[in-house]
Amino acid sequence: MKKLWILLIVFFLGCTPTFTRKWELQYEVVKQTPEPITYNVSFTNKNGATKSQGPISDAIWRSEIMEDAESSLNVALRVKILSGSGILELRILRDGAVHESKILESPVYEAIAETSL
């Protein structure tokens, strides 16, 4: 009888599902100053591939919302200023909240915000 219980316990422990946390991922670039500025962005999507967009001159740029990004994913947002000057804030959002941010200010023309979800 003890052997049966041990076998059942081993069986149930082996059948325990593993839980992988998944997040909603989005990127933002927010212009902090009124001066005109144009920039390109490139970012990591939920599959780990890099996607690029630009030129952008909006006061706030947002990527599409990417659902079910795995918690082990390394993500990055790269912004390169093409023309103009000012201050840009790069944001990586996890479930709608700022997970990582970085400031890009002239005369520096390129910055990367990167983190792991």
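Select Ser42 to begin: leaving aside residues up to four places away in sequence, Ser42 touches Thr50, Lys51, Ser52, Ala76, Leu77 and Arg78, where a contact means heavy atoms within 4.5 Å. The model on screen is predicted, so local features need pLDDT of at least 70 and side-chain atom pairs count only at pLDDT 80 or more, while totals for chains, interfaces and linings use all residues. Residues are numbered from 1 along each chain as its sequence is written, and side-chain values use heavy atoms, with hydrogens and water left out.

Ser42 belongs to strand E2; helices (H or I, at least four residues) and strands (E, at least two) are DSSP runs numbered from the N terminus. At 16% relative accessibility Ser42 counts as buried, a term that means under 20% relative accessible area, with exposed meaning over 50% and partly exposed the range in between (1.4 Å probe, protein chains only).

Now colour the whole of E2, residues 37-44, of which six of the eight residues are buried. E2 pairs with E3 in the antiparallel sense over five bridges, and with strand E6, residues 74-84, likewise in the antiparallel sense, over seven bridges; two strands are taken to pair if DSSP finds at least two bridges between them. Ser42 stands opposite Ser52 in E3 and has Arg78 as its bridge partner in E6, while Tyr39 has Ile56 as its bridge partner in E3. Between E2 and E3 the hairpin has five residues, and in this hairpin Gly48 takes a positive phi near 90 degrees.

Move along E3, residues 50-56, to Pro55, which is joined to Gly54 by a cis peptide bond with omega about 0 degrees. Another cis peptide bond, with omega about 15 degrees, joins Ser106 and Pro107, and Pro107 is to be found in the loop between strand E8 (97-105) and strand E9 (110-116).

Because Glu110 lies in strand E9 and Arg78 in strand E6, the pair ties together parts that are 32 residues apart in sequence. Glu110 is partly exposed at 35% relative accessibility, as is Arg78 at 37%.

Next select Asp95, in the loop between strand E7 (87-94) and E8, which has a positive phi of about 55 degrees although it is not a glycine. Asp95 forms a salt bridge with Arg21, the closest N and O atoms being 3.3 Å apart. Since Arg21 sits in the loop between helix H1 (2-14) and strand E1 (22-31), and Asp95 in the loop between E7 and E8, this pair ties together parts 74 residues apart in sequence.

Asp68, in strand E5 (residues 66-70), also has a positive phi without being a glycine, here about 65 degrees, and is partly exposed with a relative accessible area of 49%.

Conventions
A salt bridge is a side-chain nitrogen of Lys or Arg within 4 Å of a carboxyl oxygen of Asp or Glu.
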